[in-house]
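Take a walk through this structure, one region at a time. Keep the coordinates open as you read.

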Amino acid sequence: MSGHTTELVVFVVLFLVVSAMGFVAARWRRPESIESLHEWGLGGRNFGSWITWFLVGGDLYTAYTFVAVPALVFGAGALGFYALPYTVVVYPLVFLVLTRMWSVSHVHGFVTPADFVRARFGSPTLALAIAITGLVATMPYIALQLVGIEAVLKSMGITGHLPIIIAFAILAAYTYQSGLRAPALIAFVKDALIYIVILVAVLYIPAKLGGWGTIFDAAAKKFAATPNPADGITLTSTNQLQYVTLAFGSALALFLYPHSLTGVLASKNRNVIKRNMSALPAYSLVLGLIALLGFMAIAAGTKPVVGANGKADTNTIVPMLFDQLFPDWFTGVAYAAIGIGALVPAAIMSIAAANLFTRNIYREYLNKHATDAQEAKVSKITSLLVKVGAVLCILLLDPQFSIDLQLIGGVIILQTLPAVALGLYTRWFHKGGLLAGWAAGLAAGMWMLYLIPNPANGKAHFGGSAFGLANLGFDTKMTIYAGFLALIVNLVVAALGTLAFRAFKVADGADVTKREHYFVDEGDPRVKDLDLSASH
Amino acid sequence: MTTGEPGQPRTDRSPWNWLLVLPIVLPLLTFLFNADEPRLLGFPLFYWLQIAFIAVGVTCTTIVYRMTK
């Protein structure tokens with residue numbers, strides 16, 4: 001630990017300041033009572049453009065992004081840069097979809113994507129499938145935030161799990177007390193720190209290493225020397241399709257995660273969402289620059305921390321780069337930015353997961369006549385349990401396994417697209433067809449992930465998301481994003497299933513939403529109609 | 001959001017929405033920019049052009065937002 005004292009002091013001080021803000025947040029924009037899901041879980045649904053920008057941004061660009069994307073660029077080169085087109089594509093893609101979701105949710109009091117599916121397709125079973133998919137996909141995502149904090153701690157020479165348990169206990173306590181207001185307030189600090197660190201990094205590090213040209217040349221030289229034909233500073237013939245489908249598939253998946261929707265539903269009106277869809281790409285610039293830290297680490301000759309098992313942990317590459325090139329106090333600030341960057345999304349994700357459980361499992365199956373206060377109570381407790389579960393994931397499982405789970409999470413959340421996203425546009429699908437498509441997409445996705453090895457760490461299965469088309473009998477080395485292919489299977493089965501169920505005249509569920517509900521805005525009398533029992 | 005004439009059903013349809021297709025499709029046409037040269041400030045084409053697409057995305061979504069609010 002010697003030699004890291006300054007870093008550690010700066011890190012701990014900033015961490016504690018932010019934690020204090022989390023507790024104070026309960027009083028910020030204070031409601032009459034926080035004991036309802038609308039207040040605790042959606043901050044009163046009254047957030048304007050600025051707060052929404054920080055909240056949604058804080059939610060989508062996580063500690064894991066800061067750690068894993070440059071690690072991927074460090075290891076594979078151009079392929080890791082998919083994170084940039086992914087965040088360019090996503091906002092125009094969901095621009096109209098999210099405003100529809102906001103309107104219909106405001107008319108019917110929906111808090112989760114599963115709430116919407118329940119009302120749109122009149123099927124509790126389909127809603128349950130969507131809710132469980134969301135829960136399963138979110139859990140490992142929260143666990144991954146811990147991996148981000150762990151990478152920083154490891155770089156400061158701190159091993160063992162106690163510091164992480166303490167950090168998450170503090171997080172759990174203030175989320176419990178303040179709900180969505182806590183991450184919304186902390187997101188300001190998180191972003192300010194991250195912008196400062198990244199601006200300094202992209203100005204200072206290239207100057208120190210001899211300019212951007214030198215950095216890219218060093219990376220090109222490293223990749224040319226490796227036996228892997230799929231790496232390099234540009235794409236190769238085998239991974240172009242992977243790059244495109246990964247960027248597009250990830251963009252499709254992003255707003256299907258229940259936590260991304262939480263920030264969107266908390267906004268005040270449709271224009272807040274639209275304005276944010278054009279302003280949020282400011283983060284994409286930061287993300288692109290963060291990704292390039294991977295190349296800087298190559299040029300600087302940074303070595304990742306080698307763990308107790310003798311394997312290098314590439315997730316530590318960015319923290320180690322900072323440690324190598326920044327003065328100690330600024331490394332501490334950078335580490336705090338990553339650490340706090342883990343807390344904001346972890347809080348929002350646990351709130352979203354808790355809302356899913358409360359609305360679509362507790363209320364639907366356990367206590368049909370739950371009051372607002374009961375719902376808020378159940379959500380608060382579930383959010384605690386979700387965080388305990390995430391910590392256990394890290395303590396009991398190999399963190400590498402959590403990363404695999406996250407990979408699977410992305411593939412499975414995509415399978416909710418036909419019911420949730422297409423459902424906002426069309427009521428054509430039959431509820432049975434959607435269920436069949438969901439099941440087929442999940443099965444196909446799991447099968448493909450199972451077939452993908454990772455030569456880098458000697459694993460035979462679940463080694464990545466690049467599915468070789470050779471597995472389908474094509475004579476090629478090209479790969480495609482497994483989630484994208486699984487989604488196509490899902491859509492085909494859902495369409496064929498719908499035709500079949502119609503042909504056999506199987507009863508479909510009732511749609512309680514009306515066409516005009518998808519376009520209402522703040523000020524419409526229907527929007528104030530937030531009586532929770534009305535939609536069921 | 002287009003409010004439309006009184007009595008007309010509200011909708012989010014607008015010809016301006018087609019502008020959103022550009023920033024969705026452009027970054028996915030990798031064969032157009034998968035090259036090292038020409039470099040800009042040391043950045044290979046592959047990187048600086050994709051960073052430039054952020055501006056395309058912001059411009060298109062801002063225009064659509066302004067024209068449909």
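Start with helix H20 of chain A, residues 431–451. This helix has 21 residues and runs 31 Å from its first C-alpha to its last, close to the 30 Å expected at 1.5 Å a residue. Remember throughout that the model is predicted. The buried residues of H20(A) include a set of glycines: Gly432(A), Gly433(A), Gly437(A), Gly441(A) and Gly445(A). Also buried in this helix are Leu434(A), Trp438(A), Leu442(A), Ala444(A), Met448(A) and Leu449(A). An α-helix has 3.6 residues a turn, so residues three or four places apart point the same way.

Now move to helix H8 of chain A, residues 162–178. Its 17 residues reach 25 Å between the end C-alpha atoms, close to an expected 24 Å. Which residues of H8(A) are buried? They are Ile164(A), Ala167(A), Phe168(A), Leu171(A), Ala172(A), Tyr174(A), Thr175(A) and Ser178(A). These residues pack against six helices of chain A: H1 (5–24), H2 (37–40), H7 (124–155), H9 (181–209), H16 (328–366) and H17 (372–396). After H8(A) comes Gly179(A), with a positive phi near 65°.

Another glycine sits in a loop. Gly232(A) lies between helix H10 (212–225) and helix H11 (240–254) of chain A. Its relative accessible area is 11%. The cut-off for buried is under 20%, so Gly232(A) counts as buried. Leaving aside neighbours within four places in sequence, Gly232(A) is in contact with Ala76(A), Gly77(A), Ala78(A) and Phe223(A). Met296(A) is 64 residues away along the chain, and its C-alpha is 14 Å from that of Gly232(A).

Turn next to chain B. It has two helices and zero strands. Of its 69 residues, 42% count as buried. Among contacts in chain B with a separation of 6 or more, 48% link residues 24 or more positions apart. An unreviewed UniProt entry lists residues 16–33 and 45–65 of chain B as "transmembrane region". How much helix does the model place in each stretch? Residues 16–33 are 28% helix and 0% strand, with end C-alpha atoms 27 Å apart. Residues 45–65 are 100% helix and 0% strand, with end C-alpha atoms 30 Å apart.

Now put the chains together. At their interface, 33 residues of chain B are in contact with 40 residues of chain A. The size of an interface is often given as the accessible area lost when the parts come together. Here the buried area is about 3,400 Å², and carbon and sulfur atoms give 67% of it. Polar links are present too. The rule finds eight residue pairs in polar contact across the interface, both residues at pLDDT 80 or more. On the side of chain B that touches chain A, the elements giving two or more residues are helix H1 (21–25) and helix H2 (45–68) of chain B. H2(B) gives the most, with twelve residues.

The rule also finds two salt bridges between the chains. One of them joins the side chains of Arg100(A) and Asp12(B), at 2.8 Å from N to O. Where does Arg100(A) sit? Its place is in helix H5 of chain A, residues 83–108. Is Arg100(A) buried or exposed? It is buried, because its relative accessible area is 7%. Beyond its neighbours within four places in sequence, Arg100(A) is in contact with Arg270(A), Leu424(A), Tyr425(A), Tyr518(A) and Phe519(A), as well as Asp12(B).

Terms used
Residues are numbered from 1 along each chain as its sequence is written. Chains are lettered from A and ligands numbered from 1 in the order in which they are written. This is a predicted model: local features need pLDDT of at least 70, side-chain atom pairs count only at pLDDT 80 or more; totals for chains, interfaces and linings use all residues. Side-chain values use heavy atoms; hydrogens and water are left out. Helices (H or I, at least four residues) and strands (E, at least two) are DSSP runs, numbered from the N terminus. The expected span of a helix is 1.5 Å times one less than its number of residues. Buried means under 20% relative accessible area, exposed over 50%, partly exposed in between (1.4 Å probe, protein chains only). Contact means heavy atoms within 4.5 Å. UniProt positions are given in the numbering used here, feature names are shortened, and annotations may be inferred rather than shown by experiment. Buried area is the accessible area (1.4 Å probe) that two parts lose on being put together, summed over both. A salt bridge is a side-chain nitrogen of Lys or Arg within 4 Å of a carboxyl oxygen of Asp or Glu. A polar contact is a pair of N or O atoms within 3.5 Å; within protein, one must be able to donate a hydrogen and the other to accept it, and residues adjacent in sequence count only if both atoms are side-chain atoms.
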